[in-house]
Amino acid sequence: MPNKPLGPKGPGWIAAAALLLAVGAGGTLWLADDVGKTDASSRDSTRNTLTRDSASTTKSGGSLQPRHPGMMSSRDAAADARAEAEVANNPQAQRALWSQRVERTEEILENYRNNTKYPFESRPARENADQMYPNRPVQEEGKLTNPGQKPAEGIRIRTSQERVYVAGDETVLFTVSAVDVDGNALPLTVTRAIAHDPPLNGKPSKRNSIAMPFNDEGANGDQVAGDTVASARLSPATQGFAGHAGMIRVELFLKVNEQTGFTFFDIFYTPDPPAVWSGGIREAVEAGSLNFYLKVQVRDAGRYVVTGRIDDAKGQPFALISFNNELSTGPKEIKLNLFGKLLVDEKPIFPLTLRDVDGFLLKEDTTPDRALMPRLLGKVLISRVYPLSVFSEAEWDSEERTRYLGEYGRDVESARAHLEHVRRSMKP
Amino acid sequence: MKFKASTWRKAALAAAAAGLGIAALAHATNYSLWINGRTGGGQLGNHADFSYWGPASTAAGINKKSVNWDGYNSVSSQNYLVRDALDCYCTGNNWCYVAAHSAGNLQIGYALSMYGGSTRTKKNASPNSGGVCGDAGTGTQTGWNIKFVDIAGGAAGGSELANAGSWALSEPLVGDLKTATSRAMYNHNTTRGTMFYMHAGAKGTLYSGILPGQDDEVIAYHSSGGVSGSSGGSYCNASDWFCNDLTLGTAAAEGGRTKWTNHSVKFRDNGESYNHYANGNWGGIVSRIVADMVANAQ
């Protein structure tokens with residue numbers, strides 16, 4: 001379906017080049033390219049030891065190398081310079097350049113102003129449609145294929161995994177089925193399925209793989225026998241992955257009619273939580289906002305990212321609220337702020353429900369990058385009923401916002417001033 | 001009237017002196033940061049090494065810097081290189097434009113979502129050999145100073161080539177590029193209010209059987225166009241009647257799925273002219289963000 005011929009569309013690159021050349025003039029007027037000014041020779045040549053062998057970089061990246069020779073001709077620097085010079089002498093091109101710069105800077109300023117009426121930790125649900133139901137399975141569909149081979153014609157594989165990040169005693173249900181192009185079920189056989197910690201970056205697996213009994217017989221997590229959907233449930237804590245903090249890969253070898261294929265799921269497992277909920281959640285109206293405080297016992301200090309969802313009284317998603325900050329060890333409270341102006345603007349029907357709270361310790365510069373706290377599934381707290389008058393209609397105010405609005409505003413003023421100057425210069 | 005550079009500069013300076021707002025440019029230094037994708041190639045920490053992209057002499061935005069990471073290991077394990085560069089050039093009075101290709105989309109998205117509200121020490125924009133700058137001695141600030149982000153062939157939504165095992169499964173980054181993993185890695189809607197301008201290529205042919213909808217041979221429109229969701233989807237140019245459109249701008253894609261917040265499709269490859277590959281010459285869909293950076297990153 002994609003990539004069908006659409007007729008001669010070659011001018012795409014020409015247009016891009018024209019834009020590049022047109023705007024290049026403006027740029028060079030203000031600041032010459034700084035390439036070469038940085039003292040590359042003084043760089044520590046041993047820096048490469050921080051990464052893998054550069055030769056392997058090239059090899060492993062082979063599949064990303066271009067396959068279409070001649071897809072883009074080299075730009076002639078001399079021609080560029082000539083074209084830039086021509087544009088620099090072209091008032092119409094200058095006007096076009098500064099007009100679009102005005103447009104861009106205005107768009108950025110306006111978007112930022114509107115987007116930051118509320119703090120980043122307290123956002124409308126509509127901005128976070130894909131974050132509001134974190135415990136729904138991830139459903140995907142693709143063609144039946146084997147690695148490195150062409151996909152089978154007319155056979156699509158549908159998969160689902162209950163979650164990507166898994167903690168403690170949680171289990172994960174995986175499903176797989178096959179359909180034709182019209183969505184009709186096809187007979188699928190899972191010829192082999194295993195779960196293992198896969199060899200990565202030259203490091204071998206540390207554990208033996210386990211068999212994953214995918215079936216369509218209503219057993220081991222399969223919800224409906226005979227529905228052509230094969231399922232299996234993995235319990236990392238009880239199936240050989242206790243103590244394993246990291247990726248677990250579930251690999252499936254498939255057969256549909258006489259065609260074979262392969263698919264896999266990845267999950268990231270945390271055996272021991274870095275912090276646990278210690279019970280007791282309170283709410284308070286403070287400084288014109290509604291805050292929720294969740295008690296935790298922090299075992300491992302560090303940056304924690306905690307996210308909760310707010311529904312209104314009708315069960316409609318209303319807001320995504322989050323916490324992203326450092327916590328030291330010991331008993332703590334995590335504050336989730338529901339910003340006053342968001343309540344005033346959106347006028348949700350109270351009481352509100354705080355639900356589906358998840359959190360993790362963010363680990364810097366490592367993989368996996370997080371250790372999960374236990375998930376709080378479903379309703380966590382139903383708020384009291386408040387009149388909207390207790391909440392503030394003031395926009396979010398912070399040094400960060402002031403800094404951004406100031407800089408973006410100056411960019412708009414500057415672009416407008418340049419454009420005006422060009423226009424005046426063009427008058428006879 | 002001819003516009004010679006010197007004439008223009010004098011006129012602009014005069015305008016600044018007249019209080020037209022240009023004077024504000026003088027107090028800050030702007031930088032253009034380029035974040036590579038899979039395979040890498042540039043020396044880590046060497047912000048002048050544009051090996052991944054193409055000739056270093058190519059104009060690609062004001063004061064351009066190459067934020068090299070290895071393009072092989074996981075996003076999280078390499079993200080310090082991105083944060084180091086953001087600290088270097090995008091704190092204090094200095095501001096940045098950011099351009100990223102492919103998995104570089106994950107890098108900048110991850111940095112902003114996870115660390116965009118953290119306290120950063122203001123740096124002096126003079127990196128050492130490891131790409132780490134010294135303290136400016138002017139204190140700290142929340143997050144970084146970023147004007148906008150240009151993305152070419154963005155892989156923040158993953159690639160079905162990773163799902164299908166078309167790449168080496170032992171490569172850590174390939175695990176990150178699995179669509180379910182990429183999309184669950186961080187909240188893509190959290191950009192700290194910074195606009196992400198998405199540039200999506202459609203000159204894909206070789207993997208069109210695996211990649212849904214339109215693609216640039218590595219990344220399908222669902223990712224390069226910033227379409228939200230926990231999994232991918234099939235999105236095409238408007239001329240395709242049998243596939244939902246990837247809309248321009250910030251509007252939801254046809255079919256109703258929203259784009260990630262602050263993500264705007266700036267370029268959709270209606271002519272199917274741009275593939276994924278920089279080709280060592282700022283090529284493919286990268287050429288589109290080169291043009292945009294030269295136009296707007298000044």
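View 1. A pair of strands needs at least two DSSP bridges to count. The elements themselves are DSSP runs numbered from the N terminus: helices are H or I with at least four residues, strands are E with at least two. As for bookkeeping, residues count from 1 along each chain as its sequence is written, while chains are lettered from A and ligands numbered from 1 in the order in which they are written. Since this is a predicted model, local features need pLDDT of at least 70 and side-chain atom pairs count only at pLDDT 80 or more, though totals for chains, interfaces and linings use all residues.

**View 2. The hairpin of strand 10 and strand 11 of chain A.** Strand 10 also pairs with strand 11 (residues 259-270) of chain A, antiparallel and over 11 bridges. Look for A:Arg249, whose bridge partner in strand 11 is A:Asp266. Two residues sit between the strands, and A:Asn257 takes a positive phi near 55 degrees.

**View 3. An open sheet of three strands in chain A.** The order is 12-13-16, with antiparallel pairing. Strand 12 (275-286) and strand 16 (330-338) are the edges, each pairing on one side only. From one strand to the next, the twist averages 20 degrees; such angles run from 0 to 180 degrees between N-to-C directions, with axes fitted to C-alpha atoms, for helices over the stretch in contact. Nine bridges tie strand 13 (residues 289-298) to strand 16, and one to pick out is A:Lys295 with its partner A:Glu333.

**View 4. Helix 2 crossing helix 3 in chain B.** The axes of helix 2 (residues 75-89) and helix 3 (residues 104-115) come within 9 Å and cross at roughly 80 degrees. That makes helix 2 of chain B roughly perpendicular to helix 3 of chain B (the label covers 65 to 115 degrees). Residues meeting here (C-beta atoms, placed from the backbone, within 7 Å) include B:Val82 and B:Leu86 from helix 2, and B:Ile108 and B:Tyr110 from helix 3.

**View 5. Residues 1-79 of chain A.** Over residues 1-79, though, the pLDDT is below 50, and the stretch has 131 contacts in the model beyond near neighbours in sequence. Where pLDDT is low, predicted coordinates should not be read in detail.

How values were computed: Angles under 35 degrees count as roughly parallel, over 145 as roughly antiparallel, 65 to 115 as roughly perpendicular and the rest as oblique. Two residues are in contact if their C-beta atoms, placed from the backbone, lie within 7 Å. pLDDT is the predictor's confidence in each residue, from 0 to 100.
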